[in-house]
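Please look over the chain below before reading my comments. They are meant for someone new to protein structures.

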Amino acid sequence: MKVLIGSDHGGFKLKNELVNFLKQKKIIVEDLGTHSEDSCDYPIVAFNVAKKVSKDKNSKGILICKSGIGNSIVANKVKGIRAALCYNLLSAKLSRQHNDANILVLGARFTKKELAKKIALTWLKTDFEGGRHLRRVNQIKKIEGKGIC
């Protein structure tokens, strides 16, 4: 599995921490930016990560901005993406088990680096349970395909 990771300037420091941490854990990471603390537009980075994750079913994504809200909104506009904003270990675990989330979103303002590392590792190691949850994920896919307003 490959992890595609991106952030805006507000999540830059936390992103770098996670990139180094995941690489130490022998996880393949592709950093899609940003590459400095200079102000940038989060929608562009979030879209690039989400687009790549949607095309590569063997990858997962991690997005980081100050609150995590903006990145969640953008990523969930891309067909096939189920981005989950997680602030604790249980939400990370459940987003994978019940929702088959393929992008983890973190808010750098609210998530300290040690907790972010634990959340990311928990999220990456947790499998989708399927069963009754598969029926619900398929309903999400059906809604997504209809372009309902």
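The points below go through the sheet, the cores, one serine and the salt bridges.

1. Basis. This is a predicted model, in which local features need pLDDT of at least 70, side-chain atom pairs count only at pLDDT 80 or more, and totals for chains, interfaces and linings use all residues. Residues are numbered from 1 along each chain as its sequence is written, and side-chain values use heavy atoms, with hydrogens and water left out.

2. The sheet. Five strands make up an open sheet with parallel pairing, in the order β2-β1-β3-β5-β4. Helices (H or I, at least four residues) and strands (E, at least two) are DSSP runs, numbered from the N terminus; two strands pair if DSSP finds at least two bridges between them. At the edges stand β2 and β4 (83–85), each with a single partner strand, so one side of each has no neighbour in the sheet. From one strand to the next, the twist averages 25°.

3. The parallel strands β1 and β3 are joined by six bridges, and K2 stands opposite S59 in β3. Helix α5 packs on the sheet and touches β1, β3 and β5; contact means heavy atoms within 4.5 Å. The direction of α5 makes about 170° with that of β5. Axes here are lines fitted to C-alpha atoms, for helices over the stretch in contact, and angles run from 0 to 180 degrees between N-to-C directions.

4. The largest core. The largest nonpolar core has 23 residues, of which L18, L22, I62, L104 and L106 touch the most other members. A nonpolar core is a set of buried Ala, Val, Leu, Ile, Met, Phe, Trp, Tyr and Cys residues joined through side-chain atoms within 4.5 Å. Buried means under 20% relative accessible area, exposed over 50%, and partly exposed in between (1.4 Å probe, protein chains only). Two or more residues each come from β1 (2–7), α1 (12–24), β3 (59–65), β5 (103–107) and α5 (113–125). The most come from α5, which gives six.

5. A buried serine. Where is S72 found? S72 belongs to helix α3 (residues 69–75). S72 counts as buried because its relative accessible area is 11%. The S72 side chain reaches the backbone oxygen of G68 at 2.9 Å. Leaving out residues up to four places away in sequence, S72 touches A83, L85 and V105.

6. Salt bridges between elements. Searching the whole structure gives nine salt bridges, each a side-chain nitrogen of Lys or Arg within 4 Å of a carboxyl oxygen of Asp or Glu. In one of them, the closest N and O atoms of K2 and E30 are 3.2 Å apart. This pair links distant parts of the chain, with K2 in strand β1 and E30 in strand β2 (residues 28–31), 28 residues apart. In another, K15 meets D31 at 2.7 Å, N to O. Because K15 lies in helix α1 and D31 in strand β2, the pair ties together parts that are 16 residues apart in sequence. K15 counts as buried at 0% relative accessibility, while D31 is partly exposed at 27%.

7. Other charged groups. R96 and D100 form a salt bridge, their closest N and O atoms being 2.9 Å apart; R96 is buried, with a relative accessible area of 4%. Salt bridges with shared partners join E17, K113, E114 and K117 into one network.

Technical notes: Polar contact = N/O pair within 3.5 Å; in protein donor to acceptor, adjacent residues only side chain to side chain.
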